[in-house]
Protein chains: 2
Amino acid sequence: MTAKVLDVVGIGNAIVDILSHADEAFLAAQGMSKGTMTLIDAERASALYRAMGPAVESSGGSAGNTIAGLASLGGKGGFIGKVNNDQFGGVFRHDIRAAGVTFETPSSEDGPPTARCLIFVTADAQRTMQTYLGACLELGPDDIDPAVISHAKVTYLEGYLWDPPQAKKAFLKAAQIARKAGRKVALTLSDPFCVDRHRAEFQDLVSKHVDILFANEAEICSLWETESFDEALQATRGKCEIAALTRSAKGSLIVTTDELHVIDAAPVKHVVDTTGAGDLYAAGFLFGYTGGKNLFDCGRIGAMAAGEIISHFGARPQTPLTELLLAELR
Amino acid sequence: MTAKVLDVVGIGNAIVDILSHADEAFLAAQGMSKGTMTLIDAERASALYRAMGPAVESSGGSAGNTIAGLASLGGKGGFIGKVNNDQFGGVFRHDIRAAGVTFETPSSEDGPPTARCLIFVTADAQRTMQTYLGACLELGPDDIDPAVISHAKVTYLEGYLWDPPQAKKAFLKAAQIARKAGRKVALTLSDPFCVDRHRAEFQDLVSKHVDILFANEAEICSLWETESFDEALQATRGKCEIAALTRSAKGSLIVTTDELHVIDAAPVKHVVDTTGAGDLYAAGFLFGYTGGKNLFDCGRIGAMAAGEIISHFGARPQTPLTELLLAELR
């Protein structure tokens, strides 16, 4: 990766999504917890795929979706993540590059196949995700190029990266380089169960290493072990420079030590599939932030990008977001 | 494949679709002819994929789409086609089986990878297809199980099968078995350029071996080398038992020696992507036909299934067609 100046470099699990419709009975029969992400092994992934209905494939991964969304808005994005040199790896590499993102992490040649996420979308548009990490387990500190990180305005990390042990080291290395270079570090908490698995470390991270935090209601409540969103909000305030807290249809809040902004969700005629909503909110927010917008406008762009992604199946934009942006900011 | 009684067994190229939006300028720059299917080699497929925008993958193939649609309507379908033992082959096999279709053609272990079709969807919802046949070239007469064919009410063949030389032999073997068993043989002409490549053989087939013919306006005009749809209609009449001729928004006509039925297109609010329209029309028609419906109702079910498929991206149903069917036939 050439060390050109990027708006945001994202580090995340490089995943191909396999999306299908499912009903509540199927989720129950398979023991799945609706709306969350569960890690599964290769054997379970095969069994579950056999039970799954007809599906479509689309590049995914939380940070991958965010950076693809940023590029769709016109931002300069880079991505670091590990795929295998297989057909799904080819699909992931093609899609993120075709979106205009710089992606030069070498593929693994041996070892497990490219990661996949089996996504079950229910009639209420909720998505339930079962992830086989595969080649993502091969991402390590050597994949972090200090020149790339130190030239990016923001380094964006997904909490999911805390699951594969080597990736966590890559994550910490990148965060340290970014802070040392005077750049910003952003983190998304990813999933309430992910927060559960790594709560103490995430609390430490948020307090000491993160400038911009993204979390939804369930995640921020899990972080501070409270059932009250307001309590979680108070606990977050002052811990990091900016926290963007999303609440689905209730909109989002942006909190700093001095400021509090309330942003409505974008109107969406028919919510089809919420996969990628948080990822695209972060994309819009970071596009605004690295473009020097005020925090309220950052949130508005985030809400607009999230609104586009939930109006169709899949977590990558189907409409160039620049077009929506022009309409939104007119 | 166990020799259970199937409504329809389809034989076709087993293909994974790679769908992306594109603009007219891109088609022109790549020398593509809008709305048609062009065969490409591996090298061209790689180059074109590199130039293609972010995409989604979905199982496809003309006859594969038809049989998946038939199953979605509640019909008993079987499919014969060749994939490689690679990840895309796994996707194809999963999706068609998950749709409820019997599919037991063994994968090829060596040789070229599973076929893919790069599909460029323009703002007018037209699709332009570039197909790399890959493993489809390995389909041969040995893949045709006489017991399966002779137990299926209809054997459905796609004209595209005339392109790979061994598949043509499989095609003829299946047609002969079906006729000998007193079953019906159906054929879709697939594409006007495909008709161009094989006109004399297709004319012979239609006159001598085919009971039910599916063609759109461009295809039937190409078959009889006329620019007049009415002339093509007259030329077709009497050549085969039933011809179902589709005309996009103008609806369809069903012609036998004695009957002529005119069927309106189903109303569609917003046509997103016409990929699979003809395939799903055939699915609906054959579902009605094998269920003993009159020809007018066969056409109505075909129009309804086509209407569903053009209202979204991709050529496999997103809604169980049984639900639409219940609404349509109420």
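Welcome! Strand 4 (residues 56–59) of chain A is joined to strand 4 of chain B by three bridges, and the two strands run antiparallel. This is a predicted model, in which local features need pLDDT of at least 70, side-chain atom pairs count only at pLDDT 80 or more, and totals for chains, interfaces and linings use all residues. Residues are numbered from 1 along each chain as its sequence is written, while chains are lettered from A and ligands numbered from 1 in the order in which they are written.

**Confidence**
- Chain A has a mean pLDDT of 94, with 98% of its residues at 70 or more; pLDDT is the predictor's confidence in each residue, from 0 to 100.
- The scores of the model are ipTM 0.91 and pTM 0.94.

**Where the chains meet**
- Strands pair if DSSP finds at least two bridges between them, and strands (E, at least two residues) and helices (H or I, at least four) are DSSP runs numbered from the N terminus.
- Chain B brings 19 residues into contact with 19 residues of chain A, contact meaning that C-beta atoms, placed from the backbone, lie within 7 Å.
- On the chain B side, strand 4 (56–59) and helix 4 (87–98) are the elements that give two or more residues.
- Helix 4 of chain B gives the most to this side, with six residues.

**How the copies are related**
- Chain B superposes on chain A by a rotation of 180° with 0.0 Å of shift along its axis (RMSD 0.0 Å), using least squares on the C-alpha atoms of residues with pLDDT of at least 70 in both copies.
- That is the relation of a two-fold axis.
- B:Glu57 has the C-alpha nearest the axis in chain B, 2.4 Å from it.
- Both copies use the same surface, as 100% of the contact residues of chain B recur in chain A.

**Strand 8 of chain A**
- Strand 8 (residues 127–132) of chain A is mostly covered, with six of its six residues buried; a residue is buried if 20 or more other C-beta atoms, placed from the backbone, lie within 10 Å of its own.
- A:Arg127, A:Met129 and A:Thr131 point one way from this strand, and A:Thr128, A:Gln130 and A:Tyr132 the other way.
- Strand 3 (residues 37–39) of chain A pairs with strand 8 in the parallel sense over three bridges, and A:Leu39 stands opposite A:Thr131.
- Strand 7 (residues 115–121) of chain A pairs with strand 8 in the antiparallel sense over six bridges, with A:Gln130 as the bridge partner of A:Leu118.

Notes:
Contact = placed C-beta atoms within 7 Å. Buried ≥ 20, exposed ≤ 12 C-beta atoms within 10 Å, placed from the backbone.
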